[in-house]
Amino acid sequence: MTGMASRQFRWPLPVLAMLLLWLPMVAMAQTRAWLEQDSIAAGDTVTLHIETDQGAPDYAPLNADFSLSAQSSNRQVQWSNGGVQQRNLYTVALTPRRTGTLQVPPLQVGNARTAPLALQVSDAVVATPQSNATAFIETEVDDPTPYVQQSVGVVVRLYFASQLASGELVLDTPSGASLQRVGEDRSDVRQVNGRRYNVVERRFLLIPERSGALRVPGARFTGRSAGGFFDDFFGNGGDGRMNAVGAERTLQVQAQPAQAVQPWLPLHSLQLRYTTAPSSARTGEAATVVVEAIANGATRAQFTDLPVPDLGDAAQVFAEPAQYEETFNGSTPRLKITRRYSIVPRQVGSLRVPGPRVAWWNVDSGSAQQASLPDLQLAVAAGRAGAPVAQAINTDAALPEDAAPAVASSLAPTAAGTRPWPWMAAAAGLALLWLLTLAWGWRRGRHAATRTTPVPRPGAIAPATSSRASVAELRRAIDGEGFDQVEALLCSMAGVERLEQVIERLADPAQRQTLQALQQARWGGTGDVTALRARLRESFRDGPHWSAASGTVDTGLPPLYPPRQP
């Protein structure tokens, strides 16, 4: 039994050797984490180090109490006990979101987990302009008592006396609101209490999502100064760190009033004006009306489009997409909207175009208001094309006695008991004559192959398939119709099917370039629609300029492939 026990616990020498080599590898495979400091002030940043031979750590649990920045990794490879060992060092900068004793939670690193760490965060001293500090922050809010879904402008200004080598300015998104950075930073130089400061101004757009108290955390700045000759010479440069924390702001958000108009549009002010307002027009031709709106306290996503006037059967209205321009008026967001309308009258007479009306809520006075413009009265004359236009009948005006029967007879419906048999017979005869004409043309086309087709002389200008009326239709389409209608008219005038063929037939380089821009706008969805319409109007003012037809030499022989007769 003793011999059997000794043989049972005997290990082979190769196995023992492998165990001895594996033990130091296990020691180096441990994953550990540590903080650069265990106590900091609010607004300061601490670095978390993680050493492991596993993959990258999962930083997601840190977002609850910290803002993360400056993530980096470093890989080291070394020989140990005859084998290659790999070690990864990960670092991340942590900025606490609150004060007190915070815990850095365990992090998953591959198959391992780090140990929890404690960090003490003390209250930060908020520097003011009177403190003569090296760096301080000012926060300006344009409305401390906004309404729900109102656009609130927030301006953060960072003052620093030394030149910066690097830095980061952060404003956390408060709970119960959305925060968006707007525009680019602005730089300035100001004198505060006799000291010269560099100023960086950053703008944000805050939109409260629910009523009640809204706490806006103070902005934080962490940076490093570039230092100077005297700082380095006298040893005042230190490590060059610069930190600043702004004061918190608490907003009292008001609920949407019960009597508020819908759609809900809370603004400080709203102004409307006509930038183009004609007083006359012509039938079949577009009259341009341009409306501009300036809304203080609105963004593009918040403001609805300016309304399109409803003119019924009196005229067609074509509204182009609105143009937006977002700026700031002090600390308040400002939106400028410009929209262009093309009005094409159908009848001669007086045309009333209703002015735009926009309902909004005045956040300063707490009342519902409406911005409006006066109606436009257009004196509509007959179009230049000379086509007959139906006169508008004013039912309110008294008609002459001799004209009353004529008007009544033209508008009276046909009695149910009488049928216009003569007219029906005439229509049937015309239809029969049309069918006979088609049959004659088909038979004539079968014999046309033996006829000689004249060949156009070289250099002859291809005759335009359009008349003056067609050119007028093109001008009307450019003024008021869609770009697909403009393309269809050009193809019809050229006798082709595609816009590419129209471009090939044009002799004017400017017209070809304009149609190429039209193609890009239609299929690419890019470009300024208003500018393109003006460019079409200028290029095709007197119609298309067709190029010379590429003719062949007239040999007197019939063509090999005769063209088909229409």
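I began with the second largest pocket, whose volume comes to about 540 Å³; a volume here is the space filled by probe spheres set on grid points joined across faces, edges and corners, and a pocket is an open set of points on a 1 Å grid over the protein atoms alone, where a 1.4 Å probe fits, with protein on both sides within 12 Å along at least five of seven lines. The model is predicted, so I note that local features need pLDDT of at least 70 and side-chain atom pairs pLDDT 80 or more, while totals for chains, interfaces and linings use all residues. Residues are numbered from 1 along each chain as its sequence is written, and side-chain values use heavy atoms, with hydrogens and water left out.

I then looked up the lining (residues with an atom within 4 Å of a point) and found 23 residues, with Thr45, Ser69, Ala93, Thr222 and Gly223 nearest the centre of the pocket. By class, 11 of the lining residues are polar, 7 charged and 5 nonpolar, where Gly counts as polar. Strands (DSSP runs of E, at least two residues, numbered from the N terminus) that each supply at least two lining residues include β4 (66-80), β5 (83-96) and β16 (220-225).

Next I turned to an open sheet of 4 strands, ordered β10-β11-β14-β13 with antiparallel pairing, where two strands pair if DSSP finds at least two bridges between them. Its edge strands, β10 (135-141) and β13 (177-192), each pair on one side only. Inside this sheet I followed β11 (residues 152-160), which 9 bridges join to β14 (residues 195-208), and I noted that Tyr159 has Val199 in β14 as its bridge partner.
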